[in-house]
Amino acid sequence: MRLYLRRAKYLEGSAFDALIRQDQRKLQGITPGADAHINCEPLRDDDDPAFVRMTAKEIGDVTLLARITDHSQGLATPALYGVQVTTILSATVDEPDRFARRITHLRSYLGAYTGTFRTGDTVHVAGKLVHFHLGDHTGFGVELTPWNTGTSYLANLTG
């Protein structure tokens, strides 16, 4: 229970049962005596091909619902998920619905989201809308980063 009280900020936009299901997919816990939260996650190599050639430019903030279409790159930190947007809930950019079908990735530098989503899951996401370049391919995605202390970026299973 202490572990979930500590993670209460991740409850925003999520039901408690969904958070439990999401967190059960990870290897984590609190050590006895010291009460240290241990969250084990595999880290990517610095030269991982999924990231070494990817650059992203922030466009604005976005909150949306998306279906995970590919979780194969989401099992290591940073996590990279394929997504299909179902609904844009809010955005700081003009005409956000124009971006909806072009958003294809969710990239998270937050270890809380490594290994937590599976293909077919519906996820509530609040993050940065980015324009990315990966080799010759360009597109749009949502990024969750720890580098902005003024905003909490979240991604939670729905229902």
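What percentage of the 159 residues of the protein chain count as buried? The share is 45%, where buried means under 20% relative accessible area, exposed over 50% and partly exposed in between, with a 1.4 Å probe and protein chains only. The model is predicted, so local features need pLDDT of at least 70 and side-chain atom pairs count only at pLDDT 80 or more, while totals for chains, interfaces and linings use all residues. Residues are numbered from 1 along each chain as its sequence is written, and side-chain values use heavy atoms, with hydrogens and water left out.

The protein chain contains 4 helices and 8 strands; helices (H or I, at least four residues) and strands (E, at least two) are DSSP runs, numbered from the N terminus. Along the sequence their order is α-α-β-β-α-β-β-α-β-β-β-β. Contact means heavy atoms within 4.5 Å. Of the contacts between residues at least 6 apart in sequence, 70% join residues at least 24 apart.

Two strands pair if DSSP finds at least two bridges between them. Strand β3 (residues 54-70) pairs with β6 (residues 122-134) in the antiparallel sense over 13 bridges, and here E58 stands opposite V130. Strand β7 (residues 137-144) is joined to β6 by 7 bridges, again antiparallel, with F140 opposite H131. The hairpin of β6 and β7 has 2 residues between the strands, and G135 takes a positive phi near 65° there. Strand β8 (residues 154-157) also pairs with β6, antiparallel and over 4 bridges; V123 has L157 as its bridge partner in β8.

Next come the aromatic rings. Rings of Phe, Tyr and Trp (its six-membered ring) pair if their centres lie within 6.5 Å; planes under 30 degrees apart count as stacked, over 60 as edge-to-face and the rest as tilted. The count comes to 3 aromatic pairs. In one of them, the ring centres of Y81 and F117 are 5.4 Å apart and the planes stand at 65°, so this pair is edge-to-face. Because Y81 lies in strand β4 (residues 79-91) and F117 in the loop between β5 (103-108) and β6, the pair ties together parts that are 36 residues apart in sequence. F117 also forms a stacked pair with Y113, at 6.2 Å centre to centre and 15° between the planes. Y81 is buried at 1% relative accessibility, F117 at 0% and Y113 at 1%.
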